[in-house]
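Subject: Structure for your review

Dear colleague,

Please find below the structure that I am handing over to you. My notes on its inner spaces and its nonpolar cores follow it.

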Amino acid sequence: MAAAVTSCGARHQGATPHPGPDAQGGPDTAGPTPADRAGATAEAPDERSLPGNPDWEITDAGAPGAVEGFADRVSVLPGEPFGLHVSTPAAAFTVSAYRMGWYGGARARLVWRREHVPGGRQAAPHVDRATRTVLTGWQRTLTVETAGWPEGAYLLRLDAEDGTGRSYVPLTVRSASTAGRTVVMSAPATWQAYNEWGGYSLYNGPTGGLATRSLQVVFDRPYDYDHGAGLFLVYEAPLVALAERLGLPLAYTTGIDVAREPGLLHGAAAVLSLGHDEYWSPEQRANVTAARDAGTNLAILGANCCFRRVRFEPTDLGPDRTVVCYKDAWAQDPGRQSGAPATTDFRTGPGADPESSMLGVIYDGYPVDAPYVVTSPGHWAFEGTGVAAGASFPHLVGVEYDRVDTAFPTPRPIEVIAHSPVVCEGRHSHSDTAYYTVPSGAGVFATGTMRWVETLDAHGPGGGKADHGIDSRAGDVVRKVTENVLRTFAAGPAGRSHPARDNLADVYGTA
């Protein structure tokens, strides 16, 4: 998150790690269980029709530190192994791999399970003095083979077998090819930026402010949000469920993979940026922009996207395990001193490159809580919603928002279809849902509010018990608009059938 406009508010090299006994891919510590064989066949065409497992969800995490861990890969291809690094005082634990999706509403399917894995308490973390990076040095506890695991977003659930606690470890089983498919692009770099496990994030340190924050953070530690799930459950899981329910051809990847593989998005129908996707490397941005310019549609289903410029570096566990972002201390970054781009906001110097040239919209402020106001009910994205001009949906705009601002590079033609008044720390502005098209035929849709994906799960009355107070009326509209966008974008370059009709003169008085 970023607070008005130049800083961010929170939402809510040291010792070398020592590989464990199976770090070279040796035998596991326990034999297979029946669930081990559940993922033993290749992905079937009817994956989404398989029965789910409603018991995947953690409702009581138990005692702090009862069981927690991390994977030594952010993503793997199907069949690639990865290591789990787990700390628990329990004598043993169970690890269960759940593929997240729809599954008749169950939201997850058990693909693999290993029981009676010997436990052990790992060493306390330490902090690198130079960068204030939390380092664990934990040994590998278990090597997990993923043969037969379908591509998708996964949560590995760790359960201490003495019943004292449980937690998650997120993992993406990524797609080797995205051609012809809608790409769900997870944002683990942003999850890690906000991760305060061990007392430090890219925002806060022991003083609770920027002065003691980390200058770089690593994936070699558990997540503290949502029982170890990072920001996945809030900002991504509802969209994954909807996209899977629609039966669209999907591919799964992460922003880190997109940065690493320039050709990964070749031929993709669409790329989805979800919820809160703030931290991008220049390579990721260049590769997404190139895909757009080759005809791949882009949907930004959130706000504050591509705001921070980062660099990925290795740790002893592998490549791209470190997220470097010095922010306003960019001149102190040794990488910058060696010629790398400054790890600060994309819109600021040196090397300013405002994100609006890719997104159409640009981040405008934090915090807000405002109604979402429809201004172009006849737009194709609103088909089937029944909305009229001026229709208003309380609390849907927040906590961060984007707008069209021609003071920054803005692709044209661009069409604002929702123009919602907001007041951010006394400053009057607007949150915009916008759609633009480019000569390749690609369409780019941006919601302008960070609460978009969360609202997909709004089914009841609004008020104090609802998430942000958002009600099912807003949920119905967001679900239908998202479905319209996903179906249209999955069909090919959207600008060919749905060219944007520039209306900035009417909305902002801008020629």
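A cavity is a set of grid points where a 1.4 Å probe fits but cannot get out. Please keep in mind that this is a predicted model.

The largest cavity holds about 190 Å³ of space. It is lined by 24 residues, and V74, P170, L171, W191 and Y223 are the closest to its centre. At least two lining residues come from each of strand 1 (68-71), strand 8 (152-160), strand 9 (166-173) and helix 1 (188-194). Strand 9 contributes the most, with five residues. Sorted by class, the lining of this largest cavity comprises 15 nonpolar, six polar and three charged residues.

The second largest cavity has about 40 Å³ of space. Its lining is formed by S186, A187, P188, A189, G255, I256, D277, Y279, Q284 and F312. Two or more of these residues come from helix 1 and from helix 4 (255-260). By class, six residues of this lining are nonpolar, three are polar and one is charged.

The largest pocket

Unlike a cavity, a pocket is an open set of points. In the largest pocket there is about 520 Å³ of space. Of its 23 lining residues, E57, L233, V234, P238 and D457 lie closest to the centre. Helix 2 (232-235), helix 3 (237-246) and helix 8 (452-455) are the elements that supply two or more residues to this lining. The lining of the largest pocket contains eleven nonpolar, five polar and seven charged residues.

Nonpolar cores

Which residues of the largest nonpolar core touch the most other members? They are L239, Y279, Y372, F393, F445 and F489, out of 83 residues in that core. Helix 9 (residues 472-490) provides the largest share of this core, namely seven residues.

Leaving aside residues up to four places away in sequence, F445 touches L298, A299, I300, L301, A381, I417, T433, A434, Y435, V481, V485 and F489.

Yours sincerely,
A colleague

Key
Residues numbered from 1 in each chain as written. Predicted model: local features only at pLDDT ≥ 70, side-chain atom pairs only at ≥ 80, totals over all residues. Heavy atoms only, no water. 1 Å grid on protein atoms, 1.4 Å probe; cavity = no way out; pocket = protein on both sides within 12 Å on 5 of 7 lines; lining within 4 Å. Points joined across faces, edges and corners; volume = space filled by probe spheres on them. Helix = DSSP H or I, 4+ residues; strand = E, 2+ residues; numbered from the N terminus. Nonpolar A, V, L, I, M, F, W, Y, C, P; charged D, E, K, R; others polar. Core = buried A, V, L, I, M, F, W, Y, C linked by side-chain atoms within 4.5 Å. Buried < 20%, exposed > 50% of the residue type's maximum accessible area, 1.4 Å probe, protein only. Contact = heavy atoms within 4.5 Å.
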